[in-house]
Amino acid sequence: MEIGPTTHYVMGGVRVDGDSQMSDVPGLFAAGECAAGLHGANRLGGNSLSDLLVFGKRAGEYAARFAKENALGAVSSQAIESAEKCALQPFERKSSENPYAVQHTLQDVMQDLVGIVRAEAEMLQALERIRELKARSERASVDGNREYNAGWHTALDLHNLLTISEVITRSALHRKESRGAHFRDDFPAKDEQSGKFNIVARKGTNGEVQLAHEPIPPMPQELQQIVEEMK
Amino acid sequence: MATATFRIWRGERGEGQFRDYTTETSEGMVVLDVVHQIQAEQANDLAVRWNCKAGKCGSCSAEINGMPKLMCMTRLNTLPLDKPVTVEPMKSFPHMRDLVTDVSWNYEVKKRIPKFQPRRPDAPDGTWRIAQEDVERVQEFRKCIECYLCQDVCHVLRDHHMHDKFIGPRFLVYAAALEMHPLDVADRIPELTKDFGIGLCNITKCCTKVCPENITITDNAIIPLKERVVDRFFDPLSKLFKVFGGSNT
Ligand code: SF4
Ligand code: SF4
Ligand code: FES
């Protein structure tokens, strides 16, 4: 039997309000593994289930309330058209870049260079590789029709996979300490100052990834009390 | 590295043909791994439904060498690899594409089965008291992952297409779990006899054989339900009792 450490959970994710689970985009809610913040720097086994039960319920309730209180927003037909065009591109491309090959290469890059043990030189290399893969993903093409076409879905996923991989890599480079599941070979210790902020990634005006520090809110008093009692 | 050939059904809405794919295999692989590998390397648009890869979501049902199985739980070392391994969609449901079928009929059937209806609480605080023995009796039925492999193999659905008259083994299991639930007071016996068609099952036990959760479908769910139906509607003694019951009181 082979036993080895593996990547099994993403602590980062969509930034949401802790009560309503609403993101910065009004009306867009996230709960569970795709939402950020609940588990701090490392999730403990079993906590994901309670997370999704509690915050899934909250997200549902607040989303329902939001839907009742807000009329449908205006949808720009131009935006729909351009999204549709984007989505259909993989069928029209003449190149023979296999979307699965790009996906598998990305998996290998992230596993090898931004995996369990991280270091600056490797992560810089990863950014380089991600850039190359972005170019390849723009050539990804698929056959067949639109129904149940997993190759097409993979081609569409690539954009998101590459964006998230870049955000993960840049954030990991930026956090010059080791904390929870984030382990840096070149900064093996915890840094007190770094424990006071979260790294928030936003899309810049030219589509680039921008990182910012957001202070971690102080622990509510009732929680603080429980922590003290358990000590 | 060893190679093996997989003969996979390709096509749409019932029309199609088998296509052979030869691919590398390695130790510990399951059929779903091979299907994914073929999809990634040779047939990007191959349609296949899956989710957990752990035998718990019931999505990856297919017929492997003619046997209804979960692709994610069928290891290659349980199959003869010296000849092509056939992989095809389930036959009892409308075909969509490649290995994917439309199983929504099952969801409609489920809606028709009267829901759980608990008796009044036993204690003033709104709680109930149940004997452990009664809890255990229905426990097995709750393991069902709704893979519908039992529905696929049952001849009443597969060969006789009696989807409008028979709910199939999966939903007889579901009905049994509710009927035998120690708190439930709803009565499903008249429906089981008429609309749900329990009489169409002739206890061939094929469903039990294919169940990946090893639920003893026929012996523990269907037969006890059949006994309840017989007791209610066909038992000569209780019929007599019904006839004379009135005048005796
Ligand atoms: S035992 Fe009954 S339900 Fe099961 S396969 Fe046979 S006929 Fe169908
Ligand atoms: S009873 Fe068994 S075979 Fe039938 S749907 Fe449930 S798990 Fe699948
Ligand atoms: S993928 Fe979930 S049961 Fe096979």
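R13(B) and E147(A) are joined by a salt bridge, with their closest N and O atoms 2.7 Å apart. Let us start from that link and work through some exercises.

The model is predicted, so local features need pLDDT of at least 70 and side-chain atom pairs count only at pLDDT 80 or more, while totals for chains, interfaces and linings use all residues. Residues are numbered from 1 along each chain as its sequence is written, chains are lettered from A and ligands numbered from 1 in the order in which they are written, and side-chain values use heavy atoms, with hydrogens and water left out.

**Exercise 1. The interface of chain A and chain B**

Task: Find how many salt bridges there are between chain A and chain B, and describe the interface.

Solution. 

Step 1. Begin with the rule: a salt bridge is a side-chain nitrogen of Lys or Arg within 4 Å of a carboxyl oxygen of Asp or Glu. Between chain A and chain B the count is one salt bridge.

Step 2. Next, look at polar contacts (a pair of N or O atoms within 3.5 Å; within protein, one must be able to donate a hydrogen and the other to accept it, and residues adjacent in sequence count only if both atoms are side-chain atoms). Eight residue pairs, both at pLDDT 80 or more, are in polar contact across the interface of chain A and chain B.

Step 3. On the side of chain A that touches chain B, α3 (99–113) and α5 (150–174) of chain A give two or more residues. α3(A) gives the most, with three residues.

Step 4. Sort that side by class: Ala, Val, Leu, Ile, Met, Phe, Trp, Tyr, Cys and Pro count as nonpolar, Asp, Glu, Lys and Arg as charged, and the others, Gly among them, as polar. The side of chain A that touches chain B has four nonpolar, six polar and two charged residues.

Step 5. Finish with contact (heavy atoms within 4.5 Å) and buried area (the accessible area, with a 1.4 Å probe, that two parts lose on being put together, summed over both). Contact joins 12 residues of chain A to 13 residues of chain B. The two chains, A and B, bury about 1,000 Å² between them, with 46% of it on carbon and sulfur atoms. In chain A, the residues that lose the most area to chain B are Y100(A), E147(A) and Y148(A), together 59% of what that side buries.

**Exercise 2. The domains of chain A**

Task: Work out where the domains of chain A lie and how they meet.

Solution. 

Step 1. Domain bounds come from an automatic or database domain assignment. For chain A they are domain 1 (1–70) and domain 2 (95–231).

Step 2. The C-alpha centres of these domains of chain A lie 17 Å apart. Eight residues of domain 1 of chain A touch eight residues of domain 2 of chain A.

Step 3. Domain 1 and domain 2 of chain A bury about 590 Å² between them, 59% of it on carbon and sulfur atoms. On the domain 1 side of chain A, T7(A), R15(A) and A41(A) lose the most area to domain 2, together 60% of what that side buries.

Step 4. One salt bridge is found across this interface of domain 1 and domain 2 of chain A. The side chains of E214(A) and R15(A) meet in a salt bridge at 3.9 Å, N to O.

**Exercise 3. The domains of chain B**

Task: Describe how domain 1 and domain 2 of chain B meet.

Solution. 

Step 1. Chain B is assigned domain 1 (2–100) and domain 2 (103–237). Their C-alpha centres lie 30 Å apart in chain B.

Step 2. In chain B, 15 residues from domain 1 and 17 residues from domain 2 make the contact.

Step 3. The area buried between these domains of chain B is about 1,300 Å², and carbon and sulfur atoms give 59% of that. P68(B), S92(B) and F93(B) lose the most area on the domain 1 side, together 45% of what that side buries.

Step 4. Two salt bridges are counted between domain 1 and domain 2 of chain B. K56(B) forms a salt bridge with E213(B), the closest N and O atoms being 2.8 Å apart.

Definitions and conventions. Helices (H or I, at least four residues) and strands (E, at least two) are DSSP runs, numbered from the N terminus.
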